[in-house]
Amino acid sequence: MKSSIQFLGGVGTVTGSQHLLKINGSEILLDCGLFEGKRDEAYQRNLHFDFNPPFLKHAVLSHAHIDHSGNIPNLVRQGFHGTIYATHATKDLAAYMLPDSGHIQEEDVKFVNNINKKKGLPPRRPLYTKEDAFVSLEYIKGMPYFEYFELTDGVRVSFCEAGHVLGAALTIFEWGANSSRRRLAYAVDLGRPNLPLLRDPMIPQDLDYLILESTYGGRFHEEISLAKEKIGTIVKQTIENGGKVIIPSFALERTQAVVYILMQLLEEGIIDKIPIFVDSPLAADITEVFRAHPECFDNATKQIIREDQDPFGIGRVRYIRATEASKSLNERTDPMIIISASGMCEGGRILHHLKNHIHKENTTILIVGFMAQHTLGRSLVERKPSVKIFGEKYRVKARIEIINSLSAHADQNELLDFVRGADRHLKGIFLVHGEPEQSAALAERLKEERYPVYVPRQGDIVALE
Ligand SMILES: [Zn+2]
Ligand SMILES: [Zn+2]
């Protein structure tokens with residue numbers, strides 16, 4: 001019987017990953033991510049599926065980032081009642097990530113409906129609610145890494161380490177026998193060697209097909225080891241000036257990675273013992289999920305735990321959930337480090353910290369993650385002289401420092417090394433999860449090395465022979 005892959009989302013863009021794999025008559029959805037873009041377009045694209053959710057029986061979730069998992073509650077709301085396979089850590093992370101996304105959907109619709117009311121337009125329903133998100137969690141089934149399981153008749157699946165975020169899997173699909181045996185790897189997203197806390201990405205062998213991300217298909221990252229050095233220098237200088245270091249950070253992975261680096265700097269005596277706060281209830285919850293999954297850590301982190309140290313700074317780092325405790329930070333004038341979300345400064349408590357400190361010359365705003373276009377974070381990266389926070393204009397007097405080396409996505413060299421490390425007998429490499437110029441840059445390099453590479457468009461179906 002024929003097999004094929006259809007590319008339904010996360011092609012020509014980095015959000016909304018969603019692909020439909022058909023093997024011997026069985027349909028398997030790879031990821032069900034939220035597309036992010038202009039509000040109305042995003043709402044429509046996320047609302048409608050190109051397949052019939054009640055008839056779909058199997059889905060596989062690569063990791064808990066919202067651009068891969070964030071449309072699951074809507075899938076379930078529209079009648080899906082099959083099984084979504086993920087690693088145990090991804091399942092546990094989704095238990096916080098999806099309800100948080102549901103809350104954001106509800107808030108966003110309130111904002112839209114206020115405008116619609118003024119225009120005399122009918123109110124809109126949220127894409128899904130926090131409650132829908134809780135319901136959808138029941139359909140996610142946790143599986144261990146590195147063990148094949150039979151997903152459906154004749155289709156075996158194994159989760160390997162993707163080295164991207166906690167729980168992220170590079171998923172191998174295997175079907176057929178002897179000369180008709182086929183192996184496909186879904187490497188979206190693919191991480192990098194030497195990221196704090198995580199094991200390095202595994203390179204699968206003997207592949208026929210590879211679906212590969214290309215977020216940084218044409219770019220190169222700085223060495224990860226530089227991050228520690230830079231953070232150390234920046235923190236030291238800011239403390240000497242009596243200021244605060246404010247770090248906008250994604251709640252999943254980047255926060256834990258930054259805390260891990262700060263703990264090393266303290267341990268090695270490079271920075272002084274000053275108060276460190278993680279001011280984000282979501283980051284606090286997610287750090288608890290990290291603690292519950294030491295099986296996902298690299299050897300260096302396991303060694304730290306064996307030596308009775310805590311990579312997440314227990315006793316040294318204060319994780320703040322209560323709003324009052326968060327507000328009280330603003331009254332303090334002593335040097336400190338505040339790590340807060342949202343990562344791109346589009347909402348959340350980070351906005352209060354920025355509002356209160358952006359005009360102070362002895363404050364440092366330390367950027368450690370990707371800032372998309374049209375976000376407050378991007379305005380900071382571009383060093384705009386003034387920015388708007390809660391609708392008011394503020395002059396930027398704080399020092400802005402940018403660290404690019406902590407990216408959790410493979411760059412061009414790392415993507416090429418990954419492909420070269422896999423088999424030379426690949427029948428097809430499909431580049432997804434990238435802006436067009438990034439996918440094109442990687443495709444060009446792969447073609448130079450004579451790999452059969454394709455950059456699919458939205459809706460394309462390719463036969464897997
Ligand atoms: Zn990701
Ligand atoms: Zn992604």
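Biologist: Are H13 and H14 roughly parallel or oblique to each other?
Modeller: This is a predicted model, where local features need pLDDT of at least 70, side-chain atom pairs count only at pLDDT 80 or more, and totals for chains, interfaces and linings use all residues. Residues are numbered from 1 along each chain, chains are lettered from A and ligands numbered from 1, each as written. H13 (residues 412-421) and H14 (residues 436-448) pack at about 45°, with axes (lines fitted to C-alpha atoms over the stretch in contact; angles between N-to-C directions, 0 to 180 degrees) 11 Å apart. Under 35 degrees is roughly parallel, over 145 roughly antiparallel, 65 to 115 roughly perpendicular and the rest oblique, so H13 and H14 are oblique.

Biologist: Which residues of H14 make the contact with H13?
Modeller: Residues are in contact if their C-beta atoms, placed from the backbone, lie within 7 Å. H13 brings Gln412, Leu415, Leu416 and Val419. H14 brings Ala441, Leu442, Arg445 and Leu446.

Biologist: How many residues in the contact of H13 with H14 are nonpolar?
Modeller: Ala, Val, Leu, Ile, Met, Phe, Trp, Tyr, Cys and Pro count as nonpolar, Asp, Glu, Lys and Arg as charged, and the others, Gly among them, as polar. One residue is polar and one is charged. The number of nonpolar residues is six.

Biologist: What is the orientation of H4 to H8?
Modeller: H4 (residues 88-119) and H8 (residues 281-291) pack at about 170°, and their axes are 9 Å apart. That angle makes H4, relative to H8, roughly antiparallel.

Biologist: How many charged residues does the contact of H4 with H8 have?
Modeller: H4 supplies Ala89, Asp92, Leu93, Tyr96 and Asp100, while H8 supplies Leu282, Asp285, Ile286 and Val289. Six of the residues are nonpolar and none is polar. The charged ones number three.

Biologist: How many strands does the chain have?
Modeller: Helices (H or I, at least four residues) and strands (E, at least two) are DSSP runs, numbered from the N terminus. The chain has 14 helices. Its strands come to 22.

Biologist: What radius of gyration does the chain have?
Modeller: The rule for a globule is 2.2 Å times the number of residues to the power 0.38, and the radius is taken over C-alpha atoms. For 465 residues, a compact globule would come near 23 Å. The chain agrees with that, at 22 Å.

Biologist: Is Leu197 buried or exposed?
Modeller: Leu197 lies in the loop between S10 and S11. Its phi is near 75°, positive although the residue is not glycine. A residue is buried with 20 or more other C-beta atoms within 10 Å of its own, exposed with 12 or fewer, and partly exposed in between. Leu197 has 20, so it is buried.

Biologist: Is Phe390 buried or exposed?
Modeller: Phe390 also has a positive phi, about 50°. It sits in the loop between strand S17 (386-389) and strand S18 (392-395). With 9 other C-beta atoms within 10 Å, Phe390 is exposed.

Biologist: Which residue does a cis peptide bond join to Val188?
Modeller: Most peptide bonds are trans. Here omega is about 5°, and the bond is cis. Val188 is joined to Asp189.

Biologist: What is omega for the cis bond from Ala341 to Ser342?
Modeller: Ser342 belongs to the loop between strand S15 (336-340) and helix H11 (350-357). For the bond from Ala341 to Ser342, omega is near 10°.

Note on methods:
Two residues are in contact if their C-beta atoms, placed from the backbone, lie within 7 Å.
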